[in-house]
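This briefing is intended for reading alongside the sequence and the coordinates.

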Amino acid sequence: MEPTFDLPDSTDWLDTPLKLLAPLESSLRCQVCKDFFDNPVITSCSHTFCSLCIRRCLSSEGKCPTCRSSDQELKLRRNWAVQELVEAFTNARPSVLDLAKGATKGGSVAAGIEGADTEEPVTKKRKLEDEANGTETKSDEGVRTRSQSRGISRPVQPAAIEIIDDIEDEENIPDDGLVPCPICQRRMKNEAVFRHLDSCTGNQSGSTEPKPAAFGSLSTVPRRPFQDATQKPPERLPVINYSLLKETVLRKKLKDLGIPNWGPRALMQRRHTEWMNLWNANCDSKAPKPKSQLLRELEVWERTQGGSSSTPTDTTSTVMRKDFDSAGWSASYDTDFKQLIANARKKSDAVVRSTIPSASPVAANEPQSSPVVEASEEVTISEVPASSAAPALSPNPPNGVVLASTLMESAPPKWIPGVQHNPEDPDL
Amino acid sequence: MSSMTQNRLFREYKTLSENPPDGITAGPVSEDDMFHWEALIQGPEGTPYEGGVFAAELKFPKDYPLSPPTMKFVGGGVWHPNVYPNGTVCISILHPPGDDPNHYEHASERWSPIQSVEKILISVMSMLAEPNDESPANVEAAKMWRERRAEYEKKVREEVRKGLGL
């Protein structure tokens with residue numbers, strides 16, 4: 001995700017003479033994701049949303065987000081008229097916006113010689129466009145326009161829009177100072193391209209329709225499996241009543257679907273729901289994406305909201321995993337542990353010797369001595385599994401006393417990093 | 001989903017900064033973390049909060065907009081029946097429809113994915129103007145508001161003045 005990416009939205013019209021297009025654009029956007037409708041579907045209460053957005057809402061609340069009447073995903077119907085409106089609008093948007101902005105400039109700079117003034121910005125833009133065309137692949141103006149006007153990668157990209165895009169002319173190439181990725185044609189800032197290329201999967205354009213041969217040689221198309229998309233129309237997945245399923249059955253079900261089946265039951269349920277939503281929303285698309293693409297989208301979900309995410313409320317991340325190999329862990333770090341324990345002993349012995357002789361100097365010495373001790377103690381604790389740390393460090397009382405006092409004034413010790421450590425404020 | 005969440009937050013940020021409602025400013029604390037915002041709300045005119053500027057922080061869950069953000073006034077909290085003494089705002093638009101421990105809110109007033117930061121902040125502004133004492137977050141403030149309105153208003157004005165460093 002490029003944080004610097006400039007997302008187009010309806011406010012783009014506000015400082016142009018075409019202010020009235022802002023509400024038009026808002027009405028072509030989904031109220032949930034605020035992006036243009038993507039595979040729009042209509043509910044039984046006649047509200048329209050992106051297929052994926054409403055499916056997610058229905059599976060979490062069972063209610064229409066707009067009017068809160070109950071609905072079921074089975075009752076969703078595709079809304080082709082809206083889809084065509086969105087396609088037509090997004091195609092026209094860049095050129096209309098350019099024109100509107102040009103008119104603003106011409107009008108405000110000098111009202112007198114409008115002709116010359118409005119002419120100038122336009123020709124400049126043309127030049128930029130020509131330069132851009134000269135240096136880039138010529139095959140795919142449409143996709144570029146589409147991705148510019150639609151914003152960054154959506155979870156679901158309707159390939160349908162590309163079909164229309166193919167027939168549009170070069171006038172529509174946006175003059176936004178951005179350049180397209182040579183693989184996926186997504187537009188981004190010049191300096192962001194190289195970083196993006198490291199992670200580009202080429203899925204924006206490559207996955208949904210076969211490319212012209214000339215472009216195919218450049219792209220990642222060859223390593224993309226098309227079988228799923230081209231052979232048969234995907235079938236919808238039914239909603240599961242999870243409470244009727246045993247955990248083992250659910251685990252097997254996920255395996256049969258070809259999606260990860262690790263983690264506790266609640267996580268598997270959430271993962272299945274997300275997969276069902278991704279899958280069924282894909283079924284609403286004119287040109288469904290291959291399964292591999294959906295699996296990548298599920299991976300993104302896993303990283304941000306599923307089992308691989310670390311949210312403060314997520315209890316799975318604060319408890320040591322069941323399959324954590326503690327024997328293997330302590331075996332492979334055995335020498336490290338022993339050395340750290342020995343170091344800690346030495347340090348705390350030194351502190352005991354320097355502080356025990358009289359009671360009052362303890363307080364006086366603390367500021368100088370404690371930082372060193374704290375640091376070493378903390379390292380020790382954090383590297384050693386709790387089970388071996390406690391017995392190793394506690395046997396002789398003086399050590400224990402010093403340890404406790406130095407630890408008290410330091411930050412709470414971190415336990416095994418990455419396994420139990422939870423830095424987030426719990427009272428959210 | 002995460003890219004959807006971030007895109008949506010980014011769009012809301014853009015809309016708020018290009019077309020802000022009167023008396024409201026809001027945006028992410030840093031553009032690296034779209035899930036943590038800061039907002040400034042002006043005290044509504046004609047209320048004891050008039051003249052005050054109230055800072056709040058908003059924290060968004062990873063599944064926003066399916067779940068609502070939380071909102072908390074920072075820097076001393078706000079003396080108000082619907083604001084907890086620690087500053088956390090308690091209004092219906094911030095509560096998911098599924099959970100209504102107090103049984104006094106209409107489902108239609110509560111969070112839904114079509115709500116937005118802008119609507120939350122506008123609701124909070126009108127909450128400052130018209131407290132709801134049915135299920136107060138700050139019982140003391142609610143009692144004072146109901147029974148000793150003059151004292152309540154005086155206290156609020158003092159807090160506002162203190163907040164401005166006067």
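Which residues in helix 3 (residues 139-147) of chain B are buried? In this predicted model, they are A141(B), A142(B), M144(B) and W145(B). These four lie on the same side of helix 3 of chain B, because they cover an arc of only 165 degrees around the axis.

- Helix 4 (149-163) of chain B is included in what covers the buried residues of helix 3 of chain B.

**The sheet of chain B**

- Chain B contains an open sheet of four strands in the order 1-2-3-4, and the pairing is antiparallel.
- Strand 1 (24-30) and strand 4 (70-73) of chain B form the edges, each pairing on one side only.
- On average, neighbouring strands of this sheet are turned by 25 degrees against each other, direction ignored.
- In general, strands of a sheet pair through backbone hydrogen bonds, in either a parallel or an antiparallel manner.
- Four bridges join strand 3 (residues 53-59) of chain B to strand 4 of chain B in the antiparallel sense.
- Within strand 4 of chain B, F73(B) is the residue that A56(B) stands opposite.
- Helix 2 (residues 117-129) of chain B packs on the sheet and touches strand 1, strand 2 (33-42), strand 3 and strand 4 of chain B.
- The direction of helix 2 of chain B makes about 30 degrees with that of strand 2 of chain B.

**Chain A: overall composition**

- Chain A has 18 helices and five strands.
- Of its 428 residues, 30% count as buried.
- Among contacts in chain A with a separation of 6 or more, 63% are accounted for by residues 24 or more positions apart.

**Chain A: annotated region**

- An unreviewed UniProt entry carries the annotation "domain: RING-type" for residues 30-68 of chain A.

**Chain A: confidence**

- The average pLDDT of chain A is 68, and 52% of the residues score at least 70.
- Residues 205-229 of chain A have a pLDDT below 50; this stretch has 46 contacts in the model beyond near neighbours in sequence.
- The pLDDT is also below 50 over residues 359-428 of chain A, a stretch with 78 contacts in the model beyond near neighbours in sequence.

Technical notes. Residues are numbered from 1 along each chain as its sequence is written. Chains are lettered from A and ligands numbered from 1 in the order in which they are written. This is a predicted model: local features need pLDDT of at least 70, side-chain atom pairs count only at pLDDT 80 or more; totals for chains, interfaces and linings use all residues. UniProt positions are given in the numbering used here, feature names are shortened, and annotations may be inferred rather than shown by experiment. Two strands pair if DSSP finds at least two bridges between them. Helices (H or I, at least four residues) and strands (E, at least two) are DSSP runs, numbered from the N terminus. Axes are lines fitted to C-alpha atoms, for helices over the stretch in contact, and angles run from 0 to 180 degrees between N-to-C directions. Two residues are in contact if their C-beta atoms, placed from the backbone, lie within 7 Å. A residue is buried if 20 or more other C-beta atoms lie within 10 Å of its own, exposed if 12 or fewer, and partly exposed in between; C-beta atoms are placed from the backbone. The arc is that of the directions from the helix axis to the C-beta atoms. pLDDT is the predictor's confidence in each residue, from 0 to 100.
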